[in-house]
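Trainee: I'm new to this one. Could we look at it together and talk through how its descriptions are reached?

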Amino acid sequence: MFLKRKMSRLLPELKAYAIAITKDEELAKDLVQEACQKTLSAKRVPDRAEDLKPWMFRIIRNLFIDHKRREKTASEYFDSVSRLYENTPASNPAVIEELLVRQALERLSEQEREILYLIDVFELKYAEAAVVLGIAQGTIMSRISRARRALLQEVESSNVQRIKRKSLRK
């Protein structure tokens, strides 16, 4: 309860700091809320109010950096996908296959996409992926198997639809 009181006194300063670094009031509110959640769930929090303020500012700053990284990664991904769509020679099967896989990945559930990226794209070992996701290694093995099957079904489904469209044009 004492921590909540200290945090509530800091809220105006936390929000002002978040707005200053984000230049976006909605994002700032989200960052402050997430920082408060992290503080409340942290195992060790500074005891003194004067130590809590910079500690929470640091959390907000780190959350903002993470947000910018995600934003940049998403932007780069969509830029590369856009370039693929713009420069797709219809006769290049490799490009078409890559597009089908990317589209199939987008249609998978978040959980399926995440496990595929961790294991197949970022090449984490099952044990490492288990640590990242906080689940048992056996669960990783079953999830990756299901995700690969789902991806294959999506790709095959896309391929069948592409062939049907192609035959209808003739």
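This is a predicted model: local features need pLDDT of at least 70, side-chain atom pairs count only at pLDDT 80 or more; totals for chains, interfaces and linings use all residues.

Trainee: What makes up the protein, helices or strands?

Mentor: The protein has seven helices and zero strands, so from the N terminus on its elements run α-α-α-α-α-α-α. Of its 170 residues, 25% are buried.

Trainee: How do you describe the packing of H1 and H2?

Mentor: Two packed helices are described by the angle between their axes and the distance between the axes. For H1 (residues 2-22) and H2 (residues 25-41), the axes come within 9 Å and cross at roughly 145 degrees. The crossing is right-handed. Residues making this contact include Leu-3, Met-7 and Leu-11 of H1 and Leu-27, Leu-31 and Val-32 of H2. By class, the contact has twelve nonpolar, two polar and four charged residues.

Trainee: Why is Asp-120 called partly exposed?

Mentor: Buried means under 20% relative accessible area and exposed means over 50%. Asp-120 has 37%, which lies between those limits, so Asp-120 is partly exposed. Its place is in helix H5 (residues 110-121).

Trainee: What makes the link between Asp-120 and Arg-148 a polar contact?

Mentor: The cut-off for such a pair of N or O atoms is within 3.5 Å. The side chains of Asp-120 and Arg-148 are joined at 2.6 Å, so the distance meets that cut-off and the link counts as a polar contact. Along the chain, Asp-120 and Arg-148 are 28 residues apart, and their C-alpha atoms are separated by 9.5 Å.

Methods
Residues are numbered from 1 along each chain as its sequence is written. Side-chain values use heavy atoms; hydrogens and water are left out. Axes are lines fitted to C-alpha atoms, for helices over the stretch in contact, and angles run from 0 to 180 degrees between N-to-C directions. Helices (H or I, at least four residues) and strands (E, at least two) are DSSP runs, numbered from the N terminus. A crossing is left-handed if the near helix is turned anticlockwise from the far one by less than a right angle, and right-handed if clockwise. Contact means heavy atoms within 4.5 Å. Ala, Val, Leu, Ile, Met, Phe, Trp, Tyr, Cys and Pro count as nonpolar, Asp, Glu, Lys and Arg as charged, and the others, Gly among them, as polar. Buried means under 20% relative accessible area, exposed over 50%, partly exposed in between (1.4 Å probe, protein chains only). A polar contact is a pair of N or O atoms within 3.5 Å; within protein, one must be able to donate a hydrogen and the other to accept it, and residues adjacent in sequence count only if both atoms are side-chain atoms.
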